[in-house]
Amino acid sequence: MKEMLLYINWNPGLEAFHLGPLSFRWYSLCWLIGLALAYIVVKKLFKDQKIPDEKFDPLFIYCFLGILIGARLGHCIFYQPEDYLTSVKGFIEMLLPIQFTSAEGWDWKMTGYEGLASHGGTAGLILALLLYVRHTKLPAWQVLDNIGIATGITACFIRLGNLMNSEIVGNVTSVPWAFIFESRVASLGPEPRHPAQLYEALAYLLMFVLMIWLYKRHKNRVGTGFYFGLCLTWVFTFRFFIEFLKKEQVDFEQGMLLDMGQLLSIPFVIIGVYYMWRSMKKLRVKS
């Protein structure tokens, strides 16, 4: 029992605050804060690059819908297809933020989207940005690079939301900063675990700081794909290795050499490295 006192007992409430009958969960709040901060950063980048405000205005809705739809479909299709793709109720739950309360009837309750995958969110974001580019006629690589610069701050807050939800937990460990996720004791046991969500949040915050630092010194790289490539490479390389410290998210991952998160990360890393190499090659030719 004494040993348990050395670790961090983690048991925050799911709800941050109430406004009348409405309750706001920490997870949703972290998502909104992350998106709002990225919105502010990209607005400043567009202004610095003399892009008119009317071109910027529709960007948020494209990004919000692309990330949300992509993340939701990515989770349902890659992690729980047996729950969402094998019945009418499951398909409805995949599309709508509800959950049916019984196997027989059609009674339901509002739950929000429980289950979002970063790989699907990334793919959805890229598709949404391409639609945005088509609508605004802005150079695609300029838009993608600017989003790449700002992505880290959003990814950081999304992982903090996972931490507040006590989800995507790490493996059992004896490191002194380990967390005991008290709300998960019934299903996982009382052992202290790696706060993998916090590791990711810090890695993405560091990426954001690095991106801003690089942008201030190498503005000429915007529009070449460099920042977009660096974003993909950093996020998914770290995601690949941090998975070794995480508990598997779904049962079918048990016994796999690489889990689903790692398998889905590999293509993004390859794409990211390619676009960084392509950008550097372009810059060398110009010089």
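At what angle do the axes of helix 3 (residues 59-78) and helix 6 (residues 118-136) cross? In this predicted model, the two axes cross at roughly 150 degrees and come within 7 Å. The crossing of helix 3 past helix 6 is right-handed. On the helix 3 side, the residues that meet helix 6 are Leu59, Tyr62, Cys63, Gly66, Ile67, Gly70, Ala71 and Gly74. Their counterparts in helix 6 are Gly120, Gly121, Gly124, Leu125, Ala128, Leu129, Leu131, Tyr132 and His135. In an α-helix, residues three or four places apart point the same way, because there are 3.6 residues a turn.

Helix 9 was examined next. Buried positions in helix 9 comprise Ala196, Gln197, Tyr199, Glu200, Ala201, Ala203, Tyr204, Met207, Phe208, Met211, Leu214 and Tyr215. The elements that cover these buried residues include helix 1 (26-48), helix 7 (140-164), strand 6 (179-181) and helix 10 (226-242).

Ser166 lies in the loop between helix 7 and strand 6. With a relative accessible area of 3%, Ser166 falls under the 20% limit and is therefore buried. Leaving aside residues up to four places away in sequence, Ser166 is in contact with Trp10, Pro12, Phe181, Ser183, Arg184 and Gln197.

The whole structure contains 19 aromatic pairs. In one of them, Phe226 and Tyr227 are arranged edge-to-face, with 5.2 Å from centre to centre and 85 degrees between the planes. Phe226 and Tyr227 are both buried. The pair formed by Tyr274 and Tyr275 is likewise edge-to-face, because the planes stand at 65 degrees, over the 60 degrees required, with the ring centres 5.1 Å apart. Tyr274 has 42% relative accessibility, a value between 20% and 50%, and so counts as partly exposed. A single aromatic cluster is formed by Tyr39, Phe46, Phe56, Phe60 and Phe64.

Lys89 is placed over the faces of two aromatic residues. The distance from Lys89 to the ring centre is 5.6 Å for Phe100 and 5.2 Å for Trp106.

Methods:
Residues are numbered from 1 along each chain as its sequence is written. This is a predicted model: local features need pLDDT of at least 70, side-chain atom pairs count only at pLDDT 80 or more; totals for chains, interfaces and linings use all residues. Side-chain values use heavy atoms; hydrogens and water are left out. Buried means under 20% relative accessible area, exposed over 50%, partly exposed in between (1.4 Å probe, protein chains only). Helices (H or I, at least four residues) and strands (E, at least two) are DSSP runs, numbered from the N terminus. Contact means heavy atoms within 4.5 Å. Rings of Phe, Tyr and Trp (its six-membered ring) pair if their centres lie within 6.5 Å; planes under 30 degrees apart count as stacked, over 60 as edge-to-face and the rest as tilted. A charge sits over a ring if NZ of Lys or CZ of Arg is within 6 Å of the ring centre and within 35 degrees of the ring normal. Axes are lines fitted to C-alpha atoms, for helices over the stretch in contact, and angles run from 0 to 180 degrees between N-to-C directions. A crossing is left-handed if the near helix is turned anticlockwise from the far one by less than a right angle, and right-handed if clockwise.
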